[in-house]
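Please walk through the fold with me, from a sheet to a core and then to the rings. Keep the coordinates open as you read.

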Amino acid sequence: MDKSPEVPQDILRRIFAILEIPDLVRAGSVCSSWRAAYTNLSTGNCRLQQTPCLLYTSESTDARGAGLYSITEKKAYTLTLPDPPIRSRYIIGSSYGWIITANERSELQLVSPITGEQIALPSVTTIEQVKPVFDDEGAVCSYEYWWYTGDDVISDTPSVFPLSKLRHFLFYKAFLSSDPSTGGYFVVLIHNPHSQLSFARVGDDKCTWLPPRSYYEDCLFKEGLLYASTTIGEIHTFNLGAPAVTRKVLLNKTKDIYCERIYIVQGSGGEMLQIWRSDAEPRGEDEDETDSDLELELDRDKFVNNTTAITVYEVEPASKRIEKISSLGQNVLFLGHNQSLCLHAEEYPQLKGNHVYFTDDDFLYTTCFKNNRRDIGVFDLENTSSEEITTP
C-alpha cells in the first residue's frame, strides 16, 4: 500500500505557530513527523502567537509534572518535564516560552516546558558573591555567600549555605534577551545581596558582574540594549555586547521610598512603560483588619498577599520623566515571575484589553510562604478592581 505523503515541515510549523499551547502539545504527539515540527517550531521562520499560560507545580502531581493552566480554555493540563524533577527546582524566571530554574545544587538551567529541551548555564560559583566549599575528597559540599555589593560591604564574614539552600537567598529574577533556540542570547540575573545584576552570553563559562549599583526590580531587552529598573524607578541601560560594559542613566529616580514593586515593559507601539504594583499587608485568609499582629504570627500558613493597585506610566526619555496613563486601550500586560509582557487584545481575543494579568513575585512572600495561597488574578485598570483567573 502506498504511504500517504507527509505535510512539509515548514508548512506544519506555520500551522502549529497559530495553535494555542494545549492544541500544540496534542499535535506534537500525533506522529514522528508532527513531533519533529513541534520540537523545532521556534527555530522556524514563524511568529508564535500562543496566549500565555500559567505554569506551576503541585504536590498532587508527579514530581516531574508541571501544571499548565490555559487561560483560553480555562482548563489545567500536565506536562512531563525532564530530570531533575521540576518540583525540586526553584523557578526564577520565564522568557520566550522557556523557564529559568535552579536545581537542588542551586545550579541554573534553561528549560522549555513544551519541547523538554534543557540548557545548562554557567555554574553558580562563578557569580561574584559565591565561592565553593570543598570536602576532604574535593567535591563541592556547600557555598560561601559573601555580603557585599559594588559600593557597600554589608559583612566581612560570609554565610555558609548547603547546596540546596543557597538558591532561596541568592536568586530573585532571571531574563533572556531572545529565544535560546535561535542561537545567540544573553541571560541576566537579579540576585542578592541587594538585588544586583550579573549576566552571561551563550557559550560563556562564567557570569559577569555589573557593579556598582543594586536594588534592581525588573529588566527588558530592546534594540540590543538591556534596560534595568530599580526600586526607586531609575532606569539604567547597558550594552552587554560591548567590549567594556558601562551603565547609562535613561531615567532618574521617580520615587523616594520603596513601597510598590516596579516593572518595565515595551508597549505595542514601541514606547516604554513603567508599572507600579501595590500589595495589601499580608494577613490571614480568614482574618479581617482588626486581628492583632500576634494572631497573624501564630498562623503563618494562612498569610496571603493581595495586589490592591496597579498604575501605569509612560517613560519619556527626552525629558527623563514619566507620565501617568489613564488607559492601556486594547493593550494587555502580564506581570509576575516572568519577563514583563505587553500584548494586544485584537491579536489575542481571549484576553481582556486594558487589564493586567499578574502572579506572585514578591521575594519575601514567595520564599518565606511558598505553600500559602497565591496572589494570581486579572486587574481591571478602568475600575481598579481584580478578579481571580482560577482558584489558587
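Four strands form an open sheet in the order β11-β12-β13-β14, with antiparallel pairing. Strands, at least two residues of E, and helices, at least four of H or I, are DSSP runs numbered from the N terminus. Two strands pair if DSSP finds at least two bridges between them. At the edges sit β11 (171-176) and β14 (208-209), each pairing on one side only. The antiparallel pairing of β11 with β12 (residues 186-191) runs over 5 bridges. Phe175 has Val188 in β12 as its bridge partner.

A word on the source: this is a predicted model, where local features need pLDDT of at least 70, side-chain atom pairs count only at pLDDT 80 or more, and totals for chains, interfaces and linings use all residues. Residues are numbered from 1 along each chain as its sequence is written, and side-chain values use heavy atoms, leaving out hydrogens and water.

Now the core. A nonpolar core is a set of buried Ala, Val, Leu, Ile, Met, Phe, Trp, Tyr and Cys residues joined through side-chain atoms within 4.5 Å. Buried means under 20% relative accessible area, exposed over 50%, and partly exposed in between, with a 1.4 Å probe and protein chains only. The largest such core has 25 residues; Leu166, Leu170, Phe171 and Leu189 are among those with the most contacts inside it. β4 (90-95), β5 (98-102), β6 (108-111), β9 (140-145), α4 (166-170), β11 and β12 each supply at least two of its residues. Leu170 touches Tyr145, Ile127 and Ile190, among others, not counting residues up to four places away in sequence. Contact here means heavy atoms within 4.5 Å.

Next, the rings. The whole structure holds 7 aromatic pairs. The ring centres of Tyr145 and Trp147 are 4.8 Å apart and their planes lie at 75°, so this pair is edge-to-face. The rule for Phe, Tyr and Trp (its six-membered ring) is centres within 6.5 Å, with planes under 30 degrees apart stacked, over 60 edge-to-face and the rest tilted. Tyr145 is buried, because its relative accessibility is 1%. Trp147 has 26%, so it counts as partly exposed. Phe334 and Tyr357 are stacked, because their ring centres are 4.9 Å apart and their planes are at 15°. That pair links distant parts of the chain, 23 residues apart: Phe334 in β25 (residues 331-335) and Tyr357 in β27 (residues 355-358). Both Phe334 and Tyr357 are buried. Tyr145 and Trp147 also belong to one aromatic cluster with Phe161 and Phe169.
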